[in-house]
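Student: I have a structure open and want to go through its geometry. Can we take it step by step?

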Amino acid sequence: MHRTPHSSPHLRVMSVLCLLAALLLPLGMTFAPRATAAPAADPVRVMPLGDSITGSPGCWRAVLWNRLVDSGYKDIDFVGTLPPQGCGQAHDGDNEGHGGELVTHVADQNLLPGRLASTRPDIVVMHFGTNDVWSSISPDRILAAYTTLVAQMRASNPDMRILVAQLIPMNPSSCAACAQRVVDFNARIPGWARATGTDRSPVTVVDQWTGFSTAADTYDGVHPNASGDNKIAARWFPPLAAALDAGVPPGPGGPGDPGGDPVACTARFRAVSTWQGGYQGEVTVTNTSASAVPGWTATVVPANGARLTQVWNGALTTAADGTATVTNAAWNGTLAPGASATFGFVASAPATAGTPAATVTCAGRAPAG
């Protein structure tokens with residue numbers, strides 16, 4: 001059937017606009033292009049990786065998620081191929097915590113690359129190896145599996161940031177030797193991390209062992225109860241917040257990092273003096289990054305039941321388990337590359353505590369902009 005050609009209303013409008021433009025251009029008038037909104041940055045993708053302590057149900061993830069959100073971290077996305085498993089509070093429950101899984105099995109069977117490809121994390125939070133320790137697998141073999149997994153993470157994203165836990169204590173009724181095996185394995189992790197971390201893809205050790213009680217913080221000698229979930233989340237929060245503050249460099253699935261190099265620091269503890277029932281200590285925080293930082297936070301985990309009671313040159317917050325978080329004072333927060341700041345403290349300690357000791361870590365705050 002023959003149809004008479006005709007112009008559409010859209011074409012007629014365009015013709016009028018073109019004619020108007022032709023008339024106005026000789027007068028020096030032009031049409032400004034319509035402004036478009038800048039695309040929103042992708043959220044930072046965080047993969048909780050491990051076994052049943054992480055995923056069945058792994059409610060420390062819910063506590064950690066809500067603490068991050070309450071602290072102002074909005075553009076984050078917990079990722080994993082496993083769905084959430086309850087926990088009684090709203091949170092982003094995606095995770096990679098496979099109950100009963102051995103880290104050596106994941107490495108031997110090449111299981112992680114597919115999971116990474118599906119989720120594209122920027123940061124991995126890993127508590128993995130409890131089942132291997134229970135199975136009396138040697139620390140050398142477990143750490144070799146760790147190394148394999150780290151290489152696979154970096155193949156997925158060369159700028160991967162990796163937080164690795166020293167495992168929570170374990171004391172199941174069916175494994176009398178497990179408690180000491182965890183101690184022996186945890187002692188090897190810091191040295192492995194120093195040898196494995198790089199400036200581009202740092203490996204941060206997070207002490208989940210100190211101050212954690214299998215009697216008070218688990219329901220079966222292995223898996224955390226509500227108290228244990230709170231302790232685990234409290235230990236993950238400072239280093240994960242530091243990784244988020246540092247920004248995620250360009251990489252698969254990651255936004256740009258306008259702040260430059262990752263903000264890194266070291267913390268060093270020393271005992272100044274001791275007395276019956278307490279001691280005076282100090283912590284020196286050093287900016288080891290290539291950029292100046294406008295502030296820092298240090299975490300102090302005193303050993304043998306000690307607790308910080310007073311701090312100077314910093315602001316103190318103490319968790320229920322005795323973990324102390326110290327933020328810079330107004331006058332000592334800005335640190336140039338290589339610069340240091342020192343804060344002092346007084347700690348109370350049981351009479352049987354012995355030589356003062358503490359595990360200290362720190363995180364530099366990324367510059368704004």
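Student: How many disulfides does the structure hold?
Tutor: This is a predicted model. A pair of cysteine sulfur atoms counts as a disulfide within 2.5 Å. Cys-59 and Cys-87 form one, with their sulfur atoms 2.1 Å apart. The number of disulfides in the structure is 3.

Student: Which hand does the disulfide of Cys-59 and Cys-87 have?
Tutor: Look at the torsion about the S-S bond. For Cys-59 and Cys-87 it is about -90 degrees, so the disulfide is left-handed.

Student: How many residues apart in sequence are the parts that Cys-59 and Cys-87 tie together?
Tutor: Cys-59 lies in the loop between helix H2 (52-55) and helix H3 (60-70). Cys-87 lies in the loop between strand S2 (76-78) and strand S3 (96-97). The pair therefore ties together parts whose separation in sequence is 28 residues.

Student: Is the peptide bond that joins Ser-56 and Pro-57 cis or trans?
Tutor: Pro-57 lies in the loop between H2 and H3. Omega for the bond from Ser-56 to Pro-57 is about 0 degrees. The bond is cis.

Student: Is the phi of Arg-120 positive or negative?
Tutor: Arg-120 lies in the loop between helix H5 (112-119) and strand S4 (123-127). Arg-120 is not a glycine, yet its phi is about 50 degrees.

Student: At roughly what angle do the axes of H7 and H8 cross?
Tutor: Helix H7 covers residues 139-156, and helix H8 covers residues 178-196. Their axes come within 11 Å. The crossing is right-handed. The angle is roughly 35 degrees.

Student: How many nonpolar residues does the contact of H7 with H8 have?
Tutor: H7 brings residues including Ile-142, Leu-143, Tyr-146 and Val-150. Those of H8 include Phe-185, Ile-189 and Trp-192. By class, the contact has 2 polar and 3 charged residues, and the nonpolar count is 8.

Student: Which residue in S12 stands opposite Thr-299?
Tutor: Strand S9 (residues 296-302) and strand S12 (residues 324-328) run antiparallel. They are joined by 4 bridges. The residue opposite Thr-299 is Thr-325.

Student: Over how many bridges do S8 and S13 pair?
Tutor: Strand S8 spans residues 278-287, and strand S13 spans residues 340-348. Thr-284 stands opposite Thr-342 in S13. The pairing is antiparallel, and the number of bridges is 9.

Student: What is the mean pLDDT of the protein chain?
Tutor: Of the residues, 84% reach 70 or more. Over residues 1-39 the pLDDT is below 50. The value also stays under 50 over residues 248-262. The mean for the chain is 84.

How values were computed
Residues numbered from 1 in each chain as written. Predicted model: local features only at pLDDT ≥ 70, side-chain atom pairs only at ≥ 80, totals over all residues. Heavy atoms only, no water. pLDDT = per-residue confidence, 0-100. Contact = heavy atoms within 4.5 Å. Pairing = 2+ DSSP bridges. Helix = DSSP H or I, 4+ residues; strand = E, 2+ residues; numbered from the N terminus. Axes fitted to C-alpha atoms, helices over the stretch in contact; angles between N-to-C directions. Left-handed = near helix turned anticlockwise from the far one by under 90°. Nonpolar A, V, L, I, M, F, W, Y, C, P; charged D, E, K, R; others polar.
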